[in-house]
Every structure is written in C-alpha cells, then in structure tokens.
Amino acid sequence: MSNSDDRLIVALDLPTAIAAHELTMKLADSVSFYKIGLGMLTTGGLALANELKQEHGKRIFLDMKLFDISATIEKAVKGLAQFDLDFLTVHGDPHVVRAAKEGAAGSNMKILGVTILTSLDRQDLDASLIKQGDMQDLVLERAGNAFNAGADGIIASPQEAAAIRALPEAKDRLIVTPGVRPAGSAANDQKRTATPGDAIKNGADHIVVGRPIWQATDPVAAAKAAVAEFT
C-alpha cells in the first residue's frame, strides 16, 4: 500500500534515465508523482515516463516548457498526449496555451503555463528585454493571460502562489511550484524559493523538489521529511 502524498512531485533531474530509474526504485511507494524535464529527453526520459506511468502506476509531469508557432505546438502536444501523461508545461503565452489545449483535446493531460522561470530575477528580465515592472506583477499578468487562454494550471514560484490563487481566473485551476527547498536545504540556482509548508499554505496544489531528495544520503527519508512539512 502506498504511503505517498501526490502533492509532492520529485524532479528526476539526474544525468541519465538509468540513474533516475534507480532512484524511483529506491523511493518505491514513498513517492507517486515524478517530473521528467527537457534535460533527460535525449537520454531516455520519455521511455522512463512511459514505464513509470504504465508499469508502476505513477503520475508523470513532463516538463518541456514548449514554445513555438501554434501549428507546431498543437502537433507536438497531440503526439505527447497519446502517452497518457498527467501534466505538460508550455510557456504561458496565450497563443502557445491555446494551441497546446487543442493538441491535448480528448486526453486527460493537463496543460500548465510557465509564468517566469523561478531561476530568474529582475536583472535577468532586463537582459532579456522583458518589459519593466515588479516581478510579482508580471507573474500575475502572465498567469491571468494563461488562464484566460485555457491553461489548466500555472507553474510559478511559491512566493507568488498566494497572489495567483487569489485571481478570479484561478478558481478550480492548478498551481504547481518549483523552487521549493525543504527546511535547511541549499537554494542552488533557484532565486525565488520557499519551504514545502509555505508553498502549500500559499495556495500551491503541488510542489516540485529535486536535488534535496535525490542528492540526499537517504532519499526516502528526505521525501518523507518534505511531505511532513505540509502539515
């Protein structure tokens, strides 16, 4: 019997799919939801996603952050939807979200829009020629636009989760927060972080934790500790 809490999504950001598979075997029933990102796509990530979903009954978040013209997005998402995965990320631009929803039609795959990557700060946005404004204001504007375009949920920093949850457009939509660091963990390359408990209190439905679990001496204990912070 599983002791997992699917509010915790473990990011399998390991060097290879083989290493990621070994981790999932260690975690066994203590984790039921995994994120597989772009970095693992060329080392067997999609095959691992299918194995975890079909053979082990795990939920899968495919973190591709797709961005392209509408026709290409729709075609790519339609292809991915056949694998019966749970979440797929695309950039939160309205034309991308609309095309992704078209591609996902008829499947149970949820389309999650990316607002502003949690590794970025205002200086990074300036370098990318993103319009002026407070980070949270821009995140809220992008979230609202993505919801209005049909996004099933939003990827956002836990620091912005409460404000997004308060948007009228966020009713019955998902908020998934990366950049979550259990108490005592290093921030690594994330600039907008919070603890698991804070993220859930701020309105997140799911949190994503990677290195603090897979780099731990005891990954099972680390996963359980993260879930314990929810209460």
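Buried residues have under 20% relative accessible area, exposed residues have over 50%, and partly exposed residues lie in between (1.4 Å probe, protein chains only). Helices (H or I, at least four residues) and strands (E, at least two) are DSSP runs, numbered from the N terminus. The model is predicted: local features need pLDDT of at least 70, side-chain atom pairs count only at pLDDT 80 or more, and totals for chains, interfaces and linings use all residues. Residues are numbered from 1 along each chain as its sequence is written, and side-chain values use heavy atoms, with hydrogens and water left out.

**View 1. The buried residues of helix H10 (residues 219-228).** Pro219, Ala222, Ala223 and Ala226 are buried in this helix. They lie on the same side of H10 because they cover an arc of only 100 degrees around the axis, the arc being that of the directions from the helix axis to the C-beta atoms. These buried residues pack against strand E1 (8-11) and helices H1 (17-27), H8 (196-201) and H9 (211-214), where contact means heavy atoms within 4.5 Å.

**View 2. Leu129 in the loop between helix H5 (122-127) and helix H6 (135-148).** Phi of Leu129 is near 65 degrees, a positive value in a residue other than glycine. Leu129 counts as exposed because its relative accessibility is 78%.

**View 3. Asp172 in the loop between helix H7 (161-165) and strand E7 (174-177).** Asp172, a residue other than glycine, has a positive phi near 65 degrees. With 70% relative accessibility, Asp172 therefore counts as exposed.
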